[in-house]
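Have a look at the model first, then read on.

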Amino acid sequence: MTNEWCGWRDATERALYGPGGFYTRADGPGPAGHFRTSVHASRQYAGAVATLLERVDEALGRPERLDVLDVGAGRGELLSGVLAALDAAGAGAAGASAAGEPTGTSAGRPLPARLRAYAVEKAPRPEGLDPRITWLPELPDPGTLTGLLFANEWLDNVPVDVAETDPEGVVRRVLVRAEDGAERLGEPVTGEDAAWLAEWWPTGGDGGPMDGDGGPGCRAEIGRPRDAAWARAVRTLRRGFAVTADYAHLREARPPYGTLTGFRDGREAAPVPDGSRDITAHVALDACAAAGGTGALLLTQRAALRSLGVDGSRPPLALATTDPAAYLRALSGAGEAAELTDPGGLGAFHWLVQPVGLPAGAVRLSP
């Protein structure tokens with residue numbers, strides 16, 4: 001930890017990913033120890049990603065090898081859940097094969113037998129992780145994978161600088177002190193960062209430009225590093241789909257004072273970049289979409305998960321009489337699905353679906 005003043009991007013990089021950082025500590029609890037994501041809320045989320053992977057496989061013509069890459073994998077919870085869901089589906093397919101369906105071609109082989117799973121995370125590989133998962137500290141080389149890249153709450157942890165309008169209407173970089181999170185204004189924002197703000201975050205949230213008409217104290221997170229990170233992730237694919245799910249906002253509704261915050265021990269906390277907590281900010285996801293290429297689809301998590309079969313409807317009450325245990329299981333599942341798709345909670349997340357060499361409609365996700 002240092003008491004020098006620096007921009008939020010550098011401070012967050014050290015706090016999250018530096019030696020002993022929040023995400024890189026081998027002895028830490030991982031993200032699940034500090035905040036709840038969709039992955040931790042229900043196994044149905046991993047099941048939905050498995051369904052999406054099956055649709056990608058179908059769109060690609062069921063290749064001999066199919067890749068799935070989880071970016072920002074935490075402790076590997078999502079991929080572990082996806083593999084478990086596919087194993088269960090594969091067991092059913094094997095039973096059908098035994099009943100007389102053809103086998104031997106790649107189209108006839110169960111998806112788990114053709115799948116190669118990769119997790120990208122700066123933290124060390126967790127003990128006991130499924131050996132089928134290859135653990136990587138960085139993204140694979142561009143153009144090396146065919147299949148699905150999925151990133152759940154990754155981009156919000158790509159560090160960004162913060163800008164603020166001063167009393168004279170000048171947009172300045174916000175400097176922070178790591179030891180206590182104290183802030184002061186630094187130099188004016190210029191160059192590529194200023195150009196990014198002009199294109200993607202031009203207002204202080206009330207329709208006025210960031211040149212001051214929005215009022216002193218208006219803030220913005222400069223999302224240019226996230227655009228670059230997403231574009232690089234998309235380039236990993238030769239063909240397939242890249243999907244990210246995150247806290248997000250769009251150009252027509254940017255928050256007037258930014259979204260920078262921290263999470264610690266399951267609660268929102270002051271964003272002090274000392275390595276003791278997560279530092280996060282919502283994502284300007286439309287800017288990422290433009291950086292990633294053409295044909296992107298933006299939709300809410302509620303819409304995406306419903307398109308993938310996650311249904312929060314209560315089971316019929318009659319089932320409680322005919323099969324009480326099944327009714328209780330169905331009721332529990334409906335509650336989990338309702339949490340994942342709640343428009344006032346996780347369902348308000350945004351998904352960015354970026355096709356690579358395939359039409360966007362191939363995976364049948366409807367806004």
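E4 counts as partly exposed, at 40% relative accessibility (buried means under 20% relative accessible area, exposed over 50%, partly exposed in between, with a 1.4 Å probe and protein chains only). This is a predicted model, where local features need pLDDT of at least 70, side-chain atom pairs count only at pLDDT 80 or more, and totals for chains, interfaces and linings use all residues. Residues are numbered from 1 along each chain as its sequence is written, and side-chain values use heavy atoms, with hydrogens and water left out.

**Salt bridges**
- The whole structure has 20 salt bridges (a side-chain nitrogen of Lys or Arg within 4 Å of a carboxyl oxygen of Asp or Glu).
- E4 pairs with R14, with the closest N and O atoms 3.8 Å apart.
- E4 sits in the segment before strand 1 and R14 in helix 1, so the pair ties together parts ten residues apart in sequence (helices, H or I, of at least four residues and strands, E, of at least two are DSSP runs, numbered from the N terminus).
- R173 and E187 meet at 2.9 Å, N to O, linking strand 7 to strand 8.
- R173 is buried at 12% relative accessibility, while E187 is partly exposed at 39%.

**Helix 6**
- D193, W196, L197 and W200 are buried in helix 6 (residues 191-200).
- Seen down the axis, the buried residues of helix 6 fall within an arc of 100°, so they line one face (the arc is that of the directions from the helix axis to the C-beta atoms).
- G191 and A198 are exposed on the face of helix 6 turned away from its buried side.
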